[in-house]
Amino acid sequence: MAQQIVQVDAFTDKPFAGNPACVCILDGPAEERWMQWIASEMNLSETAFLYPQGDGFQLRWFTPKAEVALCGHATLASAHVLWQDGHAKPDQIISFSTLSGILKARRDGNWIELDFPTKVVALVEPPEGLLESLGVTARYVGKNQFDYLVEVDSEQIVRDLKPDFGLLTALPVRGAIVTAKSSSAQFDFVSRFFAPAVGVNEDPVTGSAHCALGPYWQGRLNKSEFLAYQASERGGVMRVRVAGGRALLSGQAVTVLRCELMAH
């Protein structure tokens, strides 16, 4: 039987917004090279591969160029497909075994909540080329195991960013998160995320970045629950709650495409 692939727009309640991810549900483990080929063919920021394992699922994420250790939107998309297509019961909490440990997803009305680890940033001196590649002056620069986080003075600066991806690719990290306090009462903070080193110049909506943004803005705004907006061209909305060293990330998802893989 041909392999089914489902494309889902994550962190949005309408099609053609949020962050698209492909979800490939397998019967069992697959060759890493084959998964990388499929992710390159799909050419989205992430393709998720998962198969049943014990009481949950084994889950891996690939960009067009590399496997990554943590991805929010493709996990949200995977949970959405598992419930939608009957691989999980409607009230089931789904457990994923991943490179970042056990991650869980549960339904909350029309939203899906992901239970992720926080990825707290520590203050650092900006490396040569970081601020130049972004074209900004920073209020704060921090770094965690994945990314740099740069706070700037206003939402408008975040929205107007036109990074030099050549310079940004040379930095020895996955990517750069740029953030500011929201200028509207609707949201607490805004952000954008750039990761050209792993083949994603700009990711439309990034769950893993909010594992850093949640605890960062918890310290800045003295609160633990946020409504966040990622101000990419497609845009996306995320609820963020920080509790006990975990980042609880909530979003909605919409299936936009189903296809069959004819070549193996």
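Visitor: Which residue follows helix H2, and near what value is its phi?
Guide: This is a predicted model, in which local features need pLDDT of at least 70, side-chain atom pairs count only at pLDDT 80 or more, and totals for chains, interfaces and linings use all residues. Residues are numbered from 1 along each chain as its sequence is written, and side-chain values use heavy atoms, with hydrogens and water left out. Helices (H or I, at least four residues) and strands (E, at least two) are DSSP runs, numbered from the N terminus. H2 is followed by Gly86, with a positive phi near 80°.

Visitor: How many residues of H2 are buried?
Guide: Buried means under 20% relative accessible area, exposed over 50% and partly exposed in between (1.4 Å probe, protein chains only). Among the buried residues of H2 are His73, Ala79, Leu82 and Trp83. Of the twelve residues in this mostly covered helix, the number buried is eleven.

Visitor: Which residue of strand E12 stands opposite Val150?
Guide: Two strands pair if DSSP finds at least two bridges between them. Strand E11 (residues 147-151) runs parallel to E12, joined by five bridges. Opposite Val150, the E12 residue is Val178.
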